[in-house]
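Good morning, and thank you for the time.

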Amino acid sequence: MTSVHPDQIGCYTAHGETHFYSAKRTELDRAGVQMARTLTGYAFQPGSYVLTVSVVQEVVQFAPFEFALQVLGLYGTNADLSPFDAGRVEALARQFDPVAICGVGNEVLEGLKMMGHSAADVFKGRTIWARPDAFEAVNAMPGVMAKKVALVGPALALECAQGGVHLDGREWEVSVENKELLLSSRQFRIDPIHKLKTGFTGEMLAGPCSCGNPDPLMRLDGPSQ
Amino acid sequence: MALNEIQYPSILDPIEAASREFLDRHQEASLAAMCEHAVSNAPLIRKMWADAGVRPSDIKSVADFREKVPFLTKDDIRAFRDAHNDPTGGMSVDSPGQTVSVGTTSGTTGDPTPVPNWRRTPAEDTYARDHWHIGVRPGDHICHMLFTFRGGHRRRSLSELGIAEICFSISPFEVPRIVEASKRFRPTSMSIFPNPLINAFEQYFEKSGEDPVDVFRSYKGAIFGGEPLGERQKALTKSWGLELFETTSLGDVAGAAECRQHDGFHAYEDIAYIETVDPITAEPLADGEIGELVVTSLVDRLSPLVRYRTGDLVSIDRSPCGCGRTHARFKLLGRATDQILVQGRSILPREIMGLVEKHSETRANLFQIIRPSREMEELKLRIGYDVSRLKDSEGALKSRLYDQISAAIEVPLVLELIDEQELLKLGPPHKIPRVTKI
């Protein structure tokens with residue numbers, strides 16, 4: 001019996017519209033193994049904690065990241081990307097002392113402020129992968145290693161330890177038209193895409209990255225809308 | 001052959017219909033094994049047992065367990081956490097290679113408590129059984145609404161069964177997408193479907209003119225959770241063609257949900273051992289008596305909660321259920337810590353819910369009991385109302401609420417009305433603290 005039934009249906013947003021996106025767990029797992037190559041450059045100690053800030057419908061983008069943490073022997077923990085759950089970000093940072101927090105968006109910054117916490121204090125000494133709407137603010141915080149993370153269609157672009165923004169090159173082919181990044185799937189996927197207009201402007205960069213990960217490098221200029 | 005043409009069994013796991021004799025023997029064996037494991041691996045349990053002078057070898061029967069094993073509370077876990085700088089509170093077993101991620105509790109009453117997750121958590125097992133009972137089968141879709149703090153994106157218990165999860169936040173903003181998914185994928189179930197989302201659906205249907213019966217026509221049920229289900233929501237969702245199955249937490253050990261008999265929450269007895277004790281004296285109570293629910297995990301080696309006092313007031317029934325399953329059910333009356341005594345009369349938030357929701361302006365059921373102490377001379381309620389639905393004046397609404405609640409509760413009453421948006425700021429979208437000191 002052949003089944004093309006999805007395991008998870010998440011979504012992606014491009015040009016202000018949100019679309020359902022289906023995936024098999026095997027697709028997410030293999031993307032996670034690839035993503036571990038970006039994370040290895042950070043040399044986080046196995047057993048360290050990494051906090052992911054996301055929402056459930058971002059499963060297609062963040063399940064690979066979480067699987068990569070497992071592959072590397074790190075402990076993942078989670079908070080919702082919501083001002084209401086920013087208190088959890090502070091509590092988990094205090095309790096677990098995570099080496100990194102991934103997915104920080106403006107909602108977290110707003111929520112921390114609303115609850116009387118200093119985001120700079122919560123993030124100090126950690127690697128913070130910030131979304132485009134929060135990157136500038138996080139990057140200005142002293143003592144914080146600000147890195148970029150972005151949901152580019154159904155893929156997760158992640159900045160490595162050497163400052164390169166990588167995207168899984170075995171899984172996705174990225175092309176540029178009118179400065180906009182277009183995404184096409186290269187492998188068998190339950191929901192294949194071809195030249196998806198991601199809504200991100202940017203540029204593909206030539207040459208290998210000094211982090212040792214051969215995945216394509218890009219310059220992300222942010223959402224174009 | 002299509003997936004749904006296969007004749008699947010009516011229950012997911014045969015243990016759900018095991019005989020009482022088998023369950024009792026299984027529990028006795030599992031309790032002994034879990035006690036041994038917990039004392040060997042969880043520092044807090046080891047300390048508590050040492051303080052009580054009890055050893056795992058002393059536990060040879062359920063009777064021994066109930067007579068000798070010390071109780072564990074959330075405060076014990078928090079105190080150990082603070083004293084030992086251990087985020088797991090001395091309760092969690094750090095097992096490299098087994099701990100897949102670390103989830104946390106809601107944190108409604110303080111710092112969230114860490115809950116290490118194995119590949120498949122007990123709660124995932126119980127929810128899979130609950131969805132299966134509702135009628136979800138391989139090849140189906142369900143709408144999956146949750147918070148990521150429960151375990152992130154690693155959940156795969158349903159996909160392992162061939163059931164696709166369509167993922168959403170528990171947020172009113174997701175309602176249009178849930179409607180779209182319901183019409184496109186025709187899911188057979190959804191969880192968790194809480195009060196605020198029902199209210200958001202109601203507003204959406206009122207404004208959009210969409211036919212809820214058509215939107216939900218593929219659903220065989222929906223798992224409702226977060227807070228008790230009120231009569232208004234029950235009637236409303238019934239008119240949409242949705243049968244709701246209430247679920248609750250089994251003391252951070254697993255989930256427990258109603259079956260089609262709607263006669264209590266099924267506590268899966270291969271996953272947890274449940275008992276009741278007097279909430280004040282901690283004396284063991286017989287099944288059927290109202291007491292505080294105490295839960296022991298029988299399966300979770302990473303978070304071996306043993307005799308964990310949940311703070312929930314329940315009555316347990318271990319007689320076979322009409323649904324064909326044999327595991328215990330319990331009726332939930334409310335939180336022991338939420339209980340107040342007004343001139344000697346016991347009052348719990350669940351009782352107030354059925355009254356507040358009857359008014360259009362307060363249909364969202366947002367209220368708090370102000371409880372500076374457990375025993376009070378008058379009932380103080382803070383009730384949130386939807387300013388846009390005000391029919392007359394705030395004073396008139398207050399008068400209506402006062403008359404109705406006073407007549408039902410029959411104790412002196414003090415009401416405070418505020419904009420419900422102010423109450424919503426006090427908590428995540430699914431629930432607010434129902435009892436507050438000020």
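**From one residue to the contact between chains**

Val175(B) has 19 C-beta neighbours inside 10 Å and therefore counts as partly exposed. Please bear in mind throughout that what is displayed is a predicted model.

Val175(B) is located in helix H6 of chain B. Leaving aside residues up to four places away in sequence, Val175(B) touches Ala200(B), Phe201(B) and Tyr204(B). Glu202(B) lies 27 residues from Val175(B) in sequence, and their C-alpha atoms are 10.0 Å apart in space.

I turn now to the sheet. Five strands form an open sheet with mixed pairing, in the order S2(A)-S1(A)-S4(B)-S3(B)-S5(B).

Next, the contact between the chains. Chain A contributes 36 residues to the contact, and chain B contributes 34. On the side of chain A that touches chain B, the elements giving two or more residues are strands S1 (8-14), S2, S3 (49-54) and S4 (75-80), together with helices H2 (59-71) and H3 (86-96), of chain A. Which element gives the most? It is S4(A), with six residues. By residue type, that side of chain A divides into 15 nonpolar, 15 polar and six charged residues. S4(A) also runs parallel to S1 of chain B (residues 101-104), to which two bridges join it. There, Thr77(A) has Val102(B) as its bridge partner.

Let me move to another part of chain B, starting with helix H11. H11(B) covers residues 394-409, 16 residues in total, and spans 22 Å from its first C-alpha to its last, close to the 22 Å expected at 1.5 Å a residue. Leu397(B), Leu401(B) and Ile405(B) are buried in this helix. Viewed down the axis of H11(B), the buried residues fall within an arc of 45 degrees, and so they line one face of the helix. Gly395(B), Ala396(B), Asp403(B) and Ala407(B), on the other side of H11(B), are exposed. What covers the buried residues? The cover includes helix H10 (349-356), S19 and strand S20 (413-419) of chain B. After H11(B) comes Glu410(B), with a positive phi near 60 degrees.

S19 brings me to the last group of strands. S19 of chain B (residues 379-385) runs antiparallel to S17 of chain B (residues 367-370), and four bridges join them. Gln368(B) has Arg382(B) in S19(B) as its bridge partner. S17(B) also pairs with S21 of chain B (residues 435-436), in the parallel sense, over two bridges. In that pairing, Ile369(B) stands opposite Val435(B).

That concludes my presentation, and I welcome your questions.

Notes: Residues numbered from 1 in each chain as written. Chains lettered and ligands numbered in written order. Predicted model: local features only at pLDDT ≥ 70, side-chain atom pairs only at ≥ 80, totals over all residues. Pairing = 2+ DSSP bridges. Expected span 1.5 Å × (residues − 1). Buried ≥ 20, exposed ≤ 12 C-beta atoms within 10 Å, placed from the backbone. Arc of directions from axis to C-beta. Contact = placed C-beta atoms within 7 Å. Nonpolar A, V, L, I, M, F, W, Y, C, P; charged D, E, K, R; others polar.
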